[in-house]
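Biologist: I'm new to this one. Can you walk me through it?
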Amino acid sequence: MAGRPSLLDPRAAGGVDPVRRPETLGSPQRTKRGWILLLLTLFVPGGAQVVAGNRGLGRAALRVTMTVWALLVVSLVLLVVRRELLVQALATSWVQLVGIVVLAALAIGWLVLWVDTFRLLRLRLVAPGMKPLLAFSTVLLLVVTSGALGYGSYAVNAGRNALNEIFEPGPAIDPVAGRYNFLLLGGDAGEGRVGLRPDSIHVASVNASTGSTIVFSIPRNFQNAQFSEDSPLWQAYPGGFDCGDECIINHLYVDVMENHQDLYPEAKDPGAEAMMDAAGGILGLEIQSYALVDMGGFSQLIDSMGGVTVTSGGWTNYRGTRPDGVWGNAWWGPGSYDFNGEQALAFARSRHFSTDYSRIRRQQCIQSAMLAQFNPQTLVTRFQGILDAGEQIVETDLPGQQLGTFVSLATKGQSQGMGRLSIGPPDFEGEDGRFTTYPDFDEIHSRVDGMLAEDGTPQAAGADPAPLLFVNATVGLLSAASPAASTGPTEDSDNPDDWPAPPTQPDGSEITEEYLMHLEDTGQSGLLEDAASTNHLCVAGNG
């Protein structure tokens, strides 16, 4: 008995192909044909044109589709076997430019295919109830596919432009004794930086082969910084930055910007160059680059990421509303907190009733929390805000052509942890605990050299420092390593279970905000310092 031609039988109806001539099919089969064409355009762009439309257009689209699938397969293989190579390629400027053009072209091409597929659906022939559903599905899939590719092209272009704004076009730098050494300064950066005092001073030393990172932190009140004879500052300070309390290291930036810019005639930022020379002299390292981060803008970046989560092991002072409603010194107690940008900055920079060492540890904790939360989901959902903040907070002389190299090293180092050493108490005690005032440079160089040797790249500490530089939160490159064991005392652990119990009141009862408020009002600063003695204990996340 003769019946209607089958959708899959092109020989039916006198050799007429029913896929191309849907009028020869029944209403259910026409609807089925419509859904098949949509699925073909979604998963095999060009397939709908080959079977039901312009075969030339379809074959051209299929060739592009197969090429894209092949590239995706190769990328997945590289992701498994050579992840760092893939990351390095994607972070390279010319690869990003190619990606921008390709993504835009694919977005336009897929748009053309969807429009043509909609024509091929022949909606007037499908079941009446299915017409709006097929039309809506076509528009939705067009927006999801072509729209995603178009946004991807925009995002890559915006990111590439931002990186070009941040990073310098200069020549590549080479590792020294198997390491890249970078200086990170955190202060109130921005226009008119005369008067800036970098309160956060870190040097990240990165193994050029493994990506393993060691962060050396220098307290802001470190005195008697040394310079080598080939440093421009040797002319001004042949005996070091040694004028007493006025010459703590974070004042060096101001001093050079106000009095000695002529010593660095070709420098974009003479103050930063001077800080590199000082950090290199202190550690006995040749530092190759720097990044200056606006700590005020840091707040904006944290807000753009949706805040950060940290767990604190002590009482930390900040400016806020006290329990009695008066504005003044308020406190965060031990526990986990979801900080916004302003709160995170206050937590990291708090110094009242505390020490510079504790401050450094809290800064490292906030950095680790940011990096732990800097994941693909955050980047995609908050891309524009992160991009806007990042462009405003960073100044660096890191060569842009090596961005891929450093991103690759950061990727390698993620699983290896991050070593830490603070050039001051408690890692260095000295006589009467005044190591930052009267530093023993031979001891510093010995400890630094020992840590580098343990990491597989021994370097002669004390070698003449060269002009310096850095990376870290810059693009989240260096400290992308996960939080690791500290070189401090055993209680200074990233595992809250190992932390000592928080201090108590003299009678053994628990410390409260009201108790701290009473101590402040009665001038009992010694007890306030005791209460804050464990606020260096901090870990990213809900510990």
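Biologist: Which side chain makes a polar contact of 2.8 Å with the side chain of His-202?
Modeller: Ser-217 does. A polar contact is a pair of N or O atoms within 3.5 Å; within protein, one must be able to donate a hydrogen and the other to accept it, and residues adjacent in sequence count only if both atoms are side-chain atoms. This is a predicted model: local features need pLDDT of at least 70, side-chain atom pairs count only at pLDDT 80 or more, and totals for chains, interfaces and linings use all residues. Residues are numbered from 1 along each chain as its sequence is written, and side-chain values use heavy atoms, leaving out hydrogens and water.

Biologist: Where is His-202 placed?
Modeller: In strand β2, residues 200-207. Strands (E, at least two residues) and helices (H or I, at least four) are DSSP runs, numbered from the N terminus. The His-202 side chain also has a polar contact of 3.0 Å with that of Ser-200.

Biologist: Is His-202 buried or exposed?
Modeller: His-202 counts as buried because its relative accessibility is 3%. Buried means under 20% relative accessible area, exposed over 50%, partly exposed in between (1.4 Å probe, protein chains only).

Biologist: New topic. Which strands form the open sheet?
Modeller: Three of them, in the order β8-β5-β11, with antiparallel pairing. Two strands pair if DSSP finds at least two bridges between them. The edges are β8 (335-339) and β11 (538-540), each pairing on one side only.

Biologist: How many bridges link β5 and β8?
Modeller: Five. Strand β5 covers residues 308-312. Its Thr-309 stands opposite Asp-338 in β8.
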